Amino acid sequence: LWGEEGTPIHLAAGAGEWQRITIMDGLFQGHALSSLLFCLGLRRALRRFTEAYAEAEPGEIVILLAYIDDVLAKLNPLKANIWLPLLRAALGTANLRLHAVKTKVMIPEMEAGVVHPTIAECGIPQVYGHLELLGNVVD
């Protein structure tokens with residue numbers, strides 16, 4: 001996120017004045033800017049992912065809903081071997097990584113207990129049931 005030269009930002013110094021500082025090595029957790037900067041980095045990574053996936057799989061539909069560090073992605077589970085490396089690479093551009101153990105994949109049409117082989121190979125837990133999130137926005 002910062003690059004070799006750091007990232008210049010401008011902070012309000014009071015009385016309508018702004019002070020320019022350069023961030024070289026991130027922020028401490030809890031700093032007022034940390035959430036904002038994380039969201040900006042994640043947003044950039046998700047945009048890079050959608051662009052890379054659209055190039056790799058023309059015509060495939062990608063729906064991403066993000067709130068802070070929670071991301072709901074509607075992707076074709078049969079193509080996890082294609083989108084998962086692209087997602088990991090895109091997150092890496094922002095010094096982020098996917099925590100496979102904390103990630104879940106749900107394929108609503110699969111019977112409970114049936115594991116999809118591509119998902120199993122990726123090391124991501126598969127959950128079962130119907131997604132009751134955001135009303136009827138997501139099927």
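Contact is taken to mean heavy atoms within 4.5 Å. On this basis, residues 24 or more positions apart account for 39% of the contacts in the protein with a separation of 6 or more. The structure is a predicted model, in which local features need pLDDT of at least 70 and side-chain atom pairs count only at pLDDT 80 or more, while totals for chains, interfaces and linings use all residues. Residues are numbered from 1 along each chain as its sequence is written, and side-chain values use heavy atoms, with hydrogens and water left out.

The protein comprises 3 helices and 6 strands, assigned as DSSP runs (helices H or I, at least four residues; strands E, at least two) and numbered from the N terminus. Their order from the N terminus is β-β-α-β-β-α-β-α-β. Of the 139 residues, 24% are buried, a term that denotes under 20% relative accessible area, against over 50% for exposed and values in between for partly exposed (1.4 Å probe, protein chains only).

Helix H1 (residues 34-56) and helix H2 (residues 80-92) have axes that come within 8 Å and cross at roughly 145 degrees; the axes are lines fitted to C-alpha atoms over the stretch in contact, and angles run from 0 to 180 degrees between N-to-C directions. On the H1 side, the contact is made by Leu42, Ala45, Leu46, Arg48, Phe49, Ala52, Tyr53 and Ala56, and on the H2 side by Ile82, Trp83, Leu86, Leu87, Ala90 and Leu91. By class, this contact of H1 with H2 has 13 nonpolar, no polar and 1 charged residues, where Ala, Val, Leu, Ile, Met, Phe, Trp, Tyr, Cys and Pro count as nonpolar, Asp, Glu, Lys and Arg as charged, and the others, Gly among them, as polar.

The structure holds 1 aromatic pair. The rings of phenylalanine 49 and tyrosine 53 have centres 5.8 Å apart and planes at 15 degrees, so the pair is stacked; rings of Phe, Tyr and Trp (its six-membered ring) pair if their centres lie within 6.5 Å, and planes under 30 degrees apart count as stacked, over 60 as edge-to-face and the rest as tilted. Both residues lie in helix H1, 4 residues apart, about one turn of the helix. Phenylalanine 49 is buried, at 1% relative accessible area, and tyrosine 53 is buried at 0%.

Histidine 116 is placed in the loop between strand S5 (105-106) and helix H3 (117-122). With a relative accessibility of 10%, histidine 116 counts as buried. Apart from neighbours within four places in sequence, histidine 116 is in contact with Pro77, Leu78, Ile107, Met110 and Gln126.
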